[in-house]
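Student: I have a structure to read and would like to go through it by question and answer. Could we begin?

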Amino acid sequence: MNHLAKYFIWYVLLITFVCFSIFIPNFFSFSNSKNILIGGSVLGILVIGQSLCLFSRNLDLSAEGTVSLVTVIAAWLMLPATESTFAQAGGLGIELHPIIVILIMLSLGAVIGFINGYLIAYIGMNFFIVTLAMQLVLRGSGFVIGEGAVMPGTPKLFNFLGGGQLWHIPMPILASFTMFLLFNYFVKSTTIGRKIFSVGSNQKASITVGIDYKKTVLIVYSLSGMLAAFAGWMLLGKLEISVPNLGAELTLNVVAAAVIGGVSLKGGEGSLIGALAGVLLLAVINNALNIMNVDPFWVNAVRGFIILVALIIDAQKSRLFKTI
Amino acid sequence: MKNILKINKINKHFSGIKVLTNVSLEVNQKEIHGVVGKNGAGKSTLMNIIMGIINADEGIIHFDNKKIKEPNPLKMIELGITLVPQKLKMLNTLSVAENLFCGNLPKNKFRFVNWKYVYKKANLILEKMGLNVDSSISVQELSVEQKTMLSISKAVFHESKLIILDEPTAVLNKKETNILFDFIKKQKDKNISFIYISHQLEEIFEICDKVLVLVDGYSKGSHNVKDLNISKLINLMIGKDVNSYKRKNYCDKTSNVFSVNNLTRRGFYQNITFNICEGEILGICGLGSSGLNELIHGIYGLERKGIGDICINEKHLHNISPKKSIESGIVYLTNDRHEDGLINFRPLKENISISILKFISKLSIVNNYKENNIAKEKVNELKIIPADINKEIDLFSGGNQQKIIFGRLAVTAPKLMLLHEPVQGVDVNAKNDIFETIEEFASSNIGILIASTEIRELINICDRIIVMYQNKIVYEVNHQKFDFEKIMLTMEQGI
Amino acid sequence: MKITNLILNNLIWFFVLISFSFFSLSSDRFLHPVTISNILISFASLGFLVLSQSYTFITGNFDLSVESTLAFTAMCAALLMLSVENQGYGIELNYIYAILLMMIIGISIGLFNGYLITVVNVNNLIVTIAMLFLLRGLTYGISPGTTLSFFPEGFRWIGNDYLVKYTIEGYRGKLVIPIAAIFVFLAFIVGYLHTKYTQFGRNMYAIGADRDLARNNGINVVRTIIIVYMIAGLCAAISGLITAGRLNSATPTMGHGIIFTVHAAAIIGGMSIYGGKGSILGAFGGVLLWSILDTGLNIMRVSPFWIEVSRGLLLLFAVFIEAIRNKYQHKILQINKYSSSPIGVDDKNYWK
């Protein structure tokens, strides 16, 4: 029974996939499956970051703002300066090498996360308000630098992560799966991973056993920020054009995927493998809705329904699975 | 004197265990009726039954000469019984006046609240009670005894006839306690009765008219306080000695492993000096107001230690924090494992290895093989049932949970173990196991400090016992001269 | 000390004052009738949403669905009022009935939310997030796909009409006071009086402070929370009316994403997400501040995007101060407690 509980979400994923394959034309194909995975890649990276926060009983509402800002800055640094029209802008003109830009993006993400973590753990501000306010700051900053315009034409080397291929496998798929495996190992087998879970399940006990609670939360948010930046790199590389407010509205989907995958909002529970299943489920559903050319009405309804179900299950989980 | 509460032959059992047997109690008007008994004697259960939170299996409750057929909390509150719990519940973001009038603020004829009048009326009411505070301040600014007085005032204002106080002085010092007592005595004139639950026996003599003694679910009767003294009361409270553990080998070493010198912390303890030898089990007992809890936290680093020295193996310790303490060889078993002992939802093996992650990992990667082995070893040694190292710690019984935490302490190869109420909430069989384990630790030259109020248990296992009373150490005795009554008396009323 | 406390307790007004002075001094175009008018217009749109959120915040609950209620009610009204040529249903309902219907729908949504949260006992975040999506989806569902426009004049009155168009000597352009601004202002006053001076209002605070304790004191928690959500729904519907009236259009994307700004304005005005704290007047200050920043920075030709950044920074700053202040107060209480103790006088460092 425990096995069922642990891998429940994977069974749901399997059943959903099979149902869709049977009832939806054009769903079951190699190329479509590839689309599903690519579609879920960016979401996946963000889910890793959010899951880390959730494990420690925190939330990062600013991740999508980080995506927004770092993609704009990246484009700005890499693109040549051109005549700005109303809708389209050029870059700074320094045409920095993509690798340097990537390093800058990841560092910036880490710094943003660091600031979040510092305000939350060391100053003692509420995580909801801090990350909410940070979201506004980051999103706005992105608009300022990008002048609210699109910036097309990111260099090929940069786009490799988002649009390239390795051994005939699209990079986003490869990269996100690798990240999942890497971070899964990270949370299960490293000392810091243990501390993250410990802090999320019982903060007082963690302090009593000698864990540095503040440092742990700081690290969690820094990682979340860095992963958000990584997601931005992937997304920008895929689209090859910087768009204002990239990453908008992802937050609820990210949280939903994590919660469906078994990551508890109360902290200390869940796994990244489960979260991966949640991401795949969402990706499959989004893809199906897309193929069926569904009315935005149904898209919103389905999204709302999924989030609702996920949250209800999470709230009931202590009752549902403990008595088994 | 008119009788206000009369309960007759209350019986209650939980899952097969009888927790209350034929308990009767009579409380009259203007009476302060104490209730004493060890943890687990049935005090809370009895109060819950009176408040209608749970129902007795058998027995009759009469309140104000009316038989209560189906008690439930709202009904009892309406009839005039109020419970003031140990952890006071207040509307923290609101003012004193709003806490007093909650749900029914004084209003003018247009049903609008006139705040000036509200504060004036509240001030008047509180002043008449004997509580002088400005009712417009936030209730958070009140001290603990003032909050207790506010709770009582609220009950009186709502025409409560019987107020149950559950350990109201556990965190108060002498001055604050006196203020509270004056306040309580004043209410007697208003025909109000109190039930006063406490572990601090001295207080019973200070404020109660009568006292009910509960022992293992039985009532040893309600006695006039005038007819008793502390000795007699203590004797009444002695219950069955079930499965008494007997220490096998007392410590004969003389080398100090731990010493504390003139430890002083403003407001909590002063000039605390003692030492512990290798392999010695030292017991310290003290009431909530003695400063014992803060002392233990201070030694371990959860709170300030104040000034003075702490030495382990002759090495001075500075800037203590839990992490540094563990590194220096001091470990701590908390008195409430649910609050700050168990790492919930995590498996047994993680709960054991959490303090030694550094030592079972290379380059920050935990060696799962080592972790599993260590966990299996401890499970065997400590006889943890079921022997499943991957099972979530919440699914174990209380006794086994405590053993798991012992396992966590043991794997750090400590030099000193601080045990705070080590067998609280543990079933009888597990208690013996744990005492055996403690003695085993001692015989491997670890110093043990047990902080507890269960003197019987301390006598069974300790080499020496120290008594803290009102912020100082007042008595020390070796195992050869252990005298339960003397130690208990000293803990309750000093020398 | 007293002055510090005074400022800290009314931080939002301090911010309002400073920002207003700052802009007046920095730009000679700020104290201009047109500018003031713009402040009032932007303030009208945000106002009712912040009011709705403040009500639920006081009880310790969220209502994330208000932005969707805004869109949904507006869309319903539009479809019923407009003729077939204008993409409506052709019923051409009288605008008064349409407005009434909007209010009823808004209240019903609130009733539904409140019921799920109290009686069925589902977490408030879950319910209102789900409603956020559901209603947005429904709005898309009933929308004909193009922007609905050309509402009757009567309908647009609240959102678009002015109380006065006042010309001030020496200034070009008129000082315009929108009707909506008056409504918002009145609504906040009513809200303030309601929450501060009625038993119902105080019950809201008690529930936010400690729900169980409130219930034990005889407060009907279920009824109160349901009514609070109904009020929130009503405010959302009014906001929909104002927005649709001002823009003279109804689209499925109305109000999309505004919920975070609404939270930010309420929080900087002193609302606590935990409930039991904050005043409606403070929230009013929050809306005012947001509008002043908006307009002022616009006047100074600051990119609208900087405005969002500055709002975020301001919110961070306000909460930062609150956190530091809490730590400080706690310390002071502790020090006071220990310095009166006769025990351990030698320990001089007790204040650390």
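Student: What share of the 495 residues in chain B is buried?
Tutor: This is a predicted model, in which local features need pLDDT of at least 70, side-chain atom pairs count only at pLDDT 80 or more, and totals for chains, interfaces and linings use all residues. Residues are numbered from 1 along each chain as its sequence is written, chains are lettered from A and ligands numbered from 1 in the order written, and side-chain values use heavy atoms, without hydrogens and water. Buried means under 20% relative accessible area, exposed over 50%, and partly exposed in between (1.4 Å probe, protein chains only). For chain B, the buried share is 55%.

Student: Which residues of helix α1 (residues 43-50) of chain B are buried?
Tutor: Helices are DSSP runs of H or I with at least four residues, strands are runs of E with at least two, and both are numbered from the N terminus. Six of the eight residues of α1(B) are buried, so the helix is largely enclosed by the rest of the structure. The buried ones are K43(B), T45(B), L46(B), M47(B), I49(B) and I50(B).

Student: Which residues touch the most other members of the largest nonpolar core?
Tutor: A nonpolar core is a set of buried Ala, Val, Leu, Ile, Met, Phe, Trp, Tyr and Cys residues joined through side-chain atoms within 4.5 Å. The largest one has 316 residues, and those touching the most other members are I438(B) and I487(B).

Student: Which helix gives the largest share of this core?
Tutor: Domain 1 (3-238) and domain 2 (256-493) of chain B, with bounds from an automatic or database domain assignment, both give residues to the core, so it lies between them. The largest share is 14 residues, and it comes from helix α10 (residues 213-239) of chain A.

Student: In what order do the strands of the open sheet of four strands in chain B stand?
Tutor: Two strands pair if DSSP finds at least two bridges between them. β12 (269-277) and β15 (315-316) of chain B each have a single partner strand, so they stand at the edges. The pairing is antiparallel, and the order is β12-β11-β14-β15.

Student: Which residue of β12(B) is the bridge partner of S259(B)?
Tutor: Strand β11 (residues 256-265) of chain B runs antiparallel to β12(B), and six bridges join them. The partner of S259(B) is N275(B).
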